[in-house]
Amino acid sequence: MEVSPNARWDKCLALIRDNVTEQQYKTWFKPIVFESFDKTTRTVLLQVPSPFVYEYLEENYVDLLRKVLCRCFGEGERVRLSYRVVVVEKSAQGEGTSVVESDNPSDEGIVGIQRSGANQPQTLVDAAMPEIDSQLKPYQTFNNFIEGDSNKLPRAVGLSIAEHPNSSQFNPMFIFGPSGCGKTHLINAIGLRTKQLYPKKRVLYVSARLFQIQFSNARLQNKINDFIHFYQTIDMLIVDDIQEWLTATKTQNTFFHIFDHLFRNGKRIILASDRPPVDLQGMNERLLTRFACGLIAELEKPNVQLCVDILNSKIRHDGLSIPDDVVQYIAHTANGSVRDLEGVVNSLMAFSVVYNCNIDMKLAERVISRTVKTDNQSLSVDEIVETVCNHYHVTTDAVNSRSRKRELVVPRQVSMYLAQKLTEMSASHIGKIVGGRDHSTVIHSCSQVEARLKTDKDFSKELADIEASFRLKR
């Protein structure tokens with residue numbers, strides 16, 4: 001009785017399973033789908049779920065595949081191996097596939113792949129994964145991540161992810177915002193809450209810089225496979241400041257393979273950056289596409305009220321006594337930076353203890369003058385728009401309107417350009433203030449202004465005069 005091709009493939013899987021670890025089998029071989037065996041060309045066609053799986057199989061397991069195929073399908077003759085690679089593209093056609101043929105198979109029969117008994121496989125199942133240091137900061141929790149209008153959505157989603165890490169919703173989560181807005185605190189809080197609720201989860205926080213250093217060391221020591229395998233065992237991978245990879249092509253490529261594996265296996269990925277994916281010029285397009293398939297959430301700088309709430313929370317935690325007027329002063333002058341707020345309070349506490357003095361307005365002004373940069377950052381977008389409108393003799397209401405008249409388009413674009421240049425606000429935040437526009441409009445306006453500055457000397461002088469007026473006001 002002739003054995004069916006499917007039965008032959010089942011026998012191949014049994015042989016493979018006896019010669020790799022259980023983790024390797026589940027990761028690389030279980031997802032393979034047997035499609036067909038062409039007797040005429042003696043070609044086995046296997047479907048694999050991604051280009052990365054195809055590349056990994058060819059690089060690490062092709063000899064094993066050839067040997068088991070020769071044993072089960074060959075019958076003394078050579079067997080060819082082809083893959084149908086699933087390629088997911090964002091297009092009207094949806095998911096596509098391509099067929100790739102492996103290198104010429106070996107004539108060798110199966111060597112060293114023998115069952116020592118029906119119930120005695122040659123390989124051992126992986127032991128339970130060892131505990132790892134999550135690298136999370138224990139003091140950055142949801143309890144002290146104060147909620148406000150600028151962080152309500154990212155905080156709520158982050159808490160949901162921490163409580164339901166096995167859900168595929170909002171994966172990956174990409175958080176962006178300017179320095180000091182609380183990104184690192186939020187992603188740490190997500191990791192800590194997850195570990196609290198699911199102690200067996202392998203959660204890891206790593207900065208982009210440390211990841212790159214580890215990758216470089218692995219290359220020098222010829223341990224890239226070990227490096228990739230370690231990261232592929234993580235249940236929740238949290239990477240901070242990924243904008244630091246913009247010029248690191250090899251790091252990006254390696255992270256793509258790790259990302260792809262984790263994503264396909266339902267693992268959580270949380271990323272933080274100082275800018276949205278659309279502004280990550282130099283990042284691998286494949287990565288950008290994957291970033292966009294989850295949730296992109298913006299953390300804005302906290303407004304004055306949220307700064308007051310953050311200050312009062314820290315003051316209570318540290319057991320300090322700071323007058324309300326001093327709290328208000330700090331909140332108005334710390335540039336909407338949580339990091340600056342914490343730095344000012346820590347400095348005030350140190351001065352108070354060392355010099356045995358009360359914290360008053362005079363001490364606050366002294367500390368802030370030394371710890372907080374209050375030059376261009378203290379400019380608001382509204383101030384910039386008003387100054388530009390006065391220069392062009394138009395009203396702010398007109399500039400914020402939807403009119404496309406040239407006499408309004410120019411001051412609108414100049415306002416966005418100067419706001420981007422003279423403040424640390426994100427493009428999306430600037431767009432909201434200037435007539436409720438999106439970040440792409442701001443980026444386009446800045447590009448238009450920059451292009452004109454290169455060719456129009458009068459326009460360059462005009463903008464220089466407007467910037468000078470800001471300095472005169474200070």
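Biologist: What makes up the chain, and how much of it counts as buried?

Modeller: The secondary structure comes to 20 helices and 9 strands. Of the 474 residues, 46% count as buried. Among contacts with a separation of 6 or more, 74% are between residues 24 or more positions apart.

Biologist: How do you know where confidence in the chain is lowest and where it is highest?

Modeller: From the pLDDT of the elements: strand β4 (residues 95-101) has the lowest mean, 55, and strand β7 (residues 236-240) the highest, 95. The chain averages 81, and 86% of the residues score at least 70.

Biologist: Which stretches stay under 50, and what contacts does the model have for them?

Modeller: Residues 89-93 stay under 50, with 2 contacts beyond four places in sequence. Residues 103-128 also stay under 50, and for these the model has 45 such contacts. Where pLDDT is low, the predicted coordinates should not be read in detail.

Biologist: What makes β5 to β9 an open sheet, and in which order do the strands stand?

Modeller: The order is β6-β7-β8-β5-β9, and the pairing is parallel. β6 and β9 (295-298) each have a single partner strand, so one side of each has no neighbour in the sheet, and these two are the edges. Direction ignored, neighbouring strands are turned by 15° against each other on average.

Biologist: How do you know that β6 pairs with β7, and β5 with β9?

Modeller: Two strands pair if there are at least two bridges between them. β6 and β7 are joined by 5 bridges and run parallel, with Leu204 opposite Leu237 in β7. Strand β5 (residues 173-176) and β9 are joined by 4 bridges and also run parallel; here Phe176 stands opposite Glu298 in β9. Both counts meet the cut-off, so both are pairs.

Biologist: Which helices pack on this sheet?

Modeller: Helix α6 (residues 183-197) touches β5, β6, β7 and β8 (268-273), and its direction makes about 165° with that of β7. Helix α9 (residues 249-264) touches β7 and β8, with its direction at about 140° to that of β8.

Biologist: Why is strand β6 described as largely enclosed?

Modeller: Because 4 of the 5 residues of β6 (residues 203-207) are buried, the strand is largely enclosed by the rest of the structure.

Biologist: Why is Asp260 called buried?

Modeller: Buried means under 20% relative accessible area. Asp260 has 7%, so Asp260 is buried. This residue lies in helix α9. Leaving aside neighbours within four places in sequence, Asp260 is in contact with Ser50, Phe52 and Arg290.

Biologist: What describes the packing of α9 against α10?

Modeller: Two packed helices are described by the angle between their axes and the distance between the axes. The axes of α9 and helix α10 (residues 285-292) come within 9 Å and cross at roughly 40°, in a left-handed crossing. Gln252, Asn253, Phe255, Phe256, Phe259 and Asp260 of α9 meet Arg286, Leu287, Arg290 and Phe291 of α10. By class, these are 5 nonpolar, 2 polar and 3 charged residues.

Biologist: What describes the contact of α11 with α13?

Modeller: The axes of helix α11 (residues 304-318) and helix α13 (residues 338-355) come within 10 Å and cross at roughly 35°. The crossing is right-handed. Cys307, Ile310, Leu311, Lys314 and Asp318 are the α11 residues, and Val338, Leu341, Glu342, Val345, Asn346 and Met349 those of α13. They divide into 7 nonpolar, 1 polar and 3 charged.

Biologist: Arg42 and His393 both have positive phi; which is buried and which is exposed?

Modeller: The cut-offs are under 20% for buried and over 50% for exposed. Arg42 has a relative accessible area of 14%, so Arg42 is buried; His393, at 72%, counts as exposed. Phi of Arg42 is near 50°, and that of His393 is about 60°. Arg42 lies in the loop between β1 (33-38) and β2 (43-48), and His393 in the loop between α15 (381-392) and α16 (396-399).

Biologist: What is the omega of the cis peptide bond, and which residues does the bond join?

Modeller: Omega is about 0°, and the bond joins Asn171 and Pro172. Pro172 lies in the loop between α5 (152-163) and β5.

Technical notes: Residues are numbered from 1 along each chain as its sequence is written. This is a predicted model: local features need pLDDT of at least 70, side-chain atom pairs count only at pLDDT 80 or more; totals for chains, interfaces and linings use all residues. Side-chain values use heavy atoms; hydrogens and water are left out. pLDDT is the predictor's confidence in each residue, from 0 to 100. Contact means heavy atoms within 4.5 Å. Axes are lines fitted to C-alpha atoms, for helices over the stretch in contact, and angles run from 0 to 180 degrees between N-to-C directions. A crossing is left-handed if the near helix is turned anticlockwise from the far one by less than a right angle, and right-handed if clockwise. Ala, Val, Leu, Ile, Met, Phe, Trp, Tyr, Cys and Pro count as nonpolar, Asp, Glu, Lys and Arg as charged, and the others, Gly among them, as polar. Buried means under 20% relative accessible area, exposed over 50%, partly exposed in between (1.4 Å probe, protein chains only).
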